[in-house]
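Q: Could you walk me through this one slowly, topic by topic?
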Amino acid sequence: MKEGELESVPALETHDLSVAYHKKPVLYGVDLTIPKGQLVGIVGPNGAGKSTLIKAVMGLLPLRSGWVEVFGQPFKKTKTRVGYVPQRESVDWDFPVNVMDVVMMGRYGKLGLFRRPKKKDRDIARECLDKVKMLPFANRQISNLSGGQQQRVFLARALAQESDLYLMDEPFAGVDAATEAAIIELLKELKERGKTILVVHHDLTTAREYFDSMVLLNMRVVAFGPTEQVFTVEQLQKTYGGRLTLLSDVAGETERQLSGE
Amino acid sequence: MVCGVREGEKIMHSSVIHSYTAWRNSSLASIVLLAALLWLAGGEVAQAARIGDLGEVSAWQQALRFFSFRDAGLRLVLVGCLLLGLNCGLLGGFVVVRRMALVGDTLSHAVLPGIALGFLWNMDKDPVAIMVGATVFGLFGVTVVGWITRTTLLKQDAALGLVLSSFYALGICLVTMIQRLPTGNKSGIDKFMFGQAAALGENDIILMLITTVVTLVVVVVCYRGLLVLSFDREFGQTTGLPMHALHHVVMLLTAFAIVVAMQAVGVVLVSSMLIIPAASAYLLTDRLHRLLIYAAVIGMGTAVLGAFFSFLGNNLPTGPFMVLAGTGVFVICFLFSPRYGWWTRLWRLRSRRLRTEREDTLKAMYRVLENREFHGEGVSAVDVAEYRKDTVEEIQRRVQNLVKTGLATDSEEGQMIHFTPKGYQQACMIVRNHRLWELYLTNVARYAADHVHEDAELVEHVLGEDTVRRLERRLKFPNKDPHGKPIPSVRDMLGMTHEEEGAKMEGGYGYRP
């Protein structure tokens, strides 16, 4: 936590956030206020815009409307306080780097383009690898890792960023049970240390036990709040009960007409 | 145990540091190399002969003339080739790992109209005008590709093909038109099609030098940023590194590299100078910085070789020869690369098969000895053949292999076989592996006792030392296998006395029998 920052400043706040992919709206008027020190799950059906929400927060996608604030400031100013775990499939795992190289990338944000990594940075990277039990594999080329190990490398890279807010895109996808248990243990430990963690999750059976609060998402926020209040049959039916076809159709048609197609 | 782990960490740590230093050293080395090239190019002019003014007759004399830096024309060619190989190799590394090989190809074809227009500017082969025209058109082509993929449903491959062919067609029209013009010095423009290193002038070399130095500086200074850009651009963007800027810088430098290499390699083939060295290097290493160094070295080598062959062939176009030299290097890498080589893999399979064969024979000899309760020294080939259910001739062939590797000796014309100490150790080891694994399968994995032999036959050859130690610990240091046969002890295996064994243990071997 930064000094002089008010306790009440939320870790993440979005207001009327809308995103469109190829003129099709994916997110619609998302309002979220996520306080510090929470472990929040983002749950929703396929195509609900879970990953889109995370990417939009970090400015990876152009916003159609609305704004995002991280620790009370625009993302651009708080970049170094945000850690990111992308989906595992988003990179080429045959790329010629080893595990240590990947984790060191977590330090580059703080180092900037021109400063060389110091011993301290390498020590941090090694510590983070140790936390996810991947230190013995530090010199291994990344294509020789199992899915769970690859995921843990990404997690170690995010840890090496030493951030206050972590955004994780499906960190539990395609990992073994042991890795899943290790990851959730780690997330809980981060939360204990006052970090805020947002996790995109697709498995409803484990969601309830993993997260304190939850965002049920299907193009817009269906429900947001403490798990025991939000995770109800009624709310889940609302979330998973089909897309909002009318909203999607009308919005898409409007876009097309405005762009002259 | 704890001590061992720390040791491992230290080794790992130092190797990470080591690779960083290696990277720094190699970048230093390339700067020194560049300085040497500069000195060579600026050296005094000995005799201004053009390539192809053949004074010498034999290939050997020509090779001597080419590589001895004796005459100025050849010196320029050589320096030019080294520069373009270095430049294209470095940038090609990024092009290949980012899966942008086709983008490079499109870029190289799209520059042709720019070259023609640059030539028309003052009807002369003015390197700067040509470079500006070519770069503008190259980048314009790439921009069009991006524009097509963004605004239509067409995917990148179709857009690339479209831009490549249409720009190239326009270029050919313009070039043909220039060649038919009645005025002006037209010589040189045709060299852009297939490449002629001999056509490189001093101004071209200076331009090459500048672009290569810029590339080298950018790659060395921004290496980490470029690594992130190539591996995980979105992640890089979220950390605040200037990914867009770096991407554009790399594209611009690639365009420059293509344009300055164009005269020596030719429009049609220049992209292969980006792709082939880097693709070959990709087969040799698993780390990006090494890949870049290898690609640069291979690039320089193939460029020089290509120019040399073209010189031998009395000024045949250089481009095809460079590409053929590069292809040769690639084929060698493909066959013999230490990790992925086709030949390497065959060789590895063969040696593994031979080792398995040797170990099986040793095991059979051990079993024969064991069956007669270790009475006597030698083992007869007939007994081994009987045990293995094989012919005596086959056993004798295998024994020859053992003799060659110093694991056994034979006597009585191959009828009797004797272990050497080393051979006996190996036999004990393999029997031990076999029986430990059988025991593990029955006691821990709960296999039926009559199901385990076949599996152990395979596994015994691949169990590493660490796995054996873990098996022992898990099985609480057993001495009998599930069939009641004794498991050879470590003392048998290492062929040492009690005292030696004790000494080894105190030395931190970590093993307790």
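Q: How do the axes of helix α6 and helix α7 of chain B sit, and at what angle do they cross?
A: First, a caution: this is a predicted model, in which local features need pLDDT of at least 70 and side-chain atom pairs count only at pLDDT 80 or more, while totals for chains, interfaces and linings use all residues. Residues are numbered from 1 along each chain as its sequence is written, with chains lettered from A and ligands numbered from 1 in the order in which they are written. The axes of α6 (residues 127-151) and α7 (residues 156-180) of chain B come within 9 Å and cross at roughly 145 degrees, where axes are lines fitted to C-alpha atoms, for helices over the stretch in contact, and angles run from 0 to 180 degrees between N-to-C directions. Helices here are DSSP runs of H or I with at least four residues, and strands are runs of E with at least two, numbered from the N terminus.

Q: Which residues of α6(B) and α7(B) meet?
A: From α6(B), B:Phe137, B:Gly141, B:Val144, B:Val145, B:Ile148 and B:Thr149 meet B:Gln156, B:Ala159, B:Leu160, B:Val163 and B:Phe167 of α7(B), a contact being two C-beta atoms, placed from the backbone, within 7 Å. These residues divide into 8 nonpolar, 3 polar and no charged, with Ala, Val, Leu, Ile, Met, Phe, Trp, Tyr, Cys and Pro counted as nonpolar, Asp, Glu, Lys and Arg as charged, and the others, Gly among them, as polar.

Q: Switching to chain A, what is the strand order in the open sheet of 3 strands?
A: The order is β2-β1-β4, with antiparallel pairing, and two strands pair if DSSP finds at least two bridges between them. Because β2 (24-34) and β4 (65-70) of chain A stand at the edges with a single partner strand each, one side of each is left without a neighbour in the sheet. The twist averages 25 degrees from one strand to the next.

Q: And how many bridges join β1 and β4(A)?
A: β1 (residues 12-21) of chain A and β4(A) pair over 5 bridges in the antiparallel sense, and A:His15 has A:Trp67 in β4(A) as its bridge partner.

Q: How many residues of chain A are in contact with chain B?
A: There are 23 residues of chain A in contact with 25 residues of chain B. On the side of chain A that touches chain B, β5 (82-85) and α3 (99-111) each supply at least two residues, and the largest share, 4 residues, comes from α3(A). By class, that side of chain A has 15 nonpolar, 6 polar and 2 charged residues.
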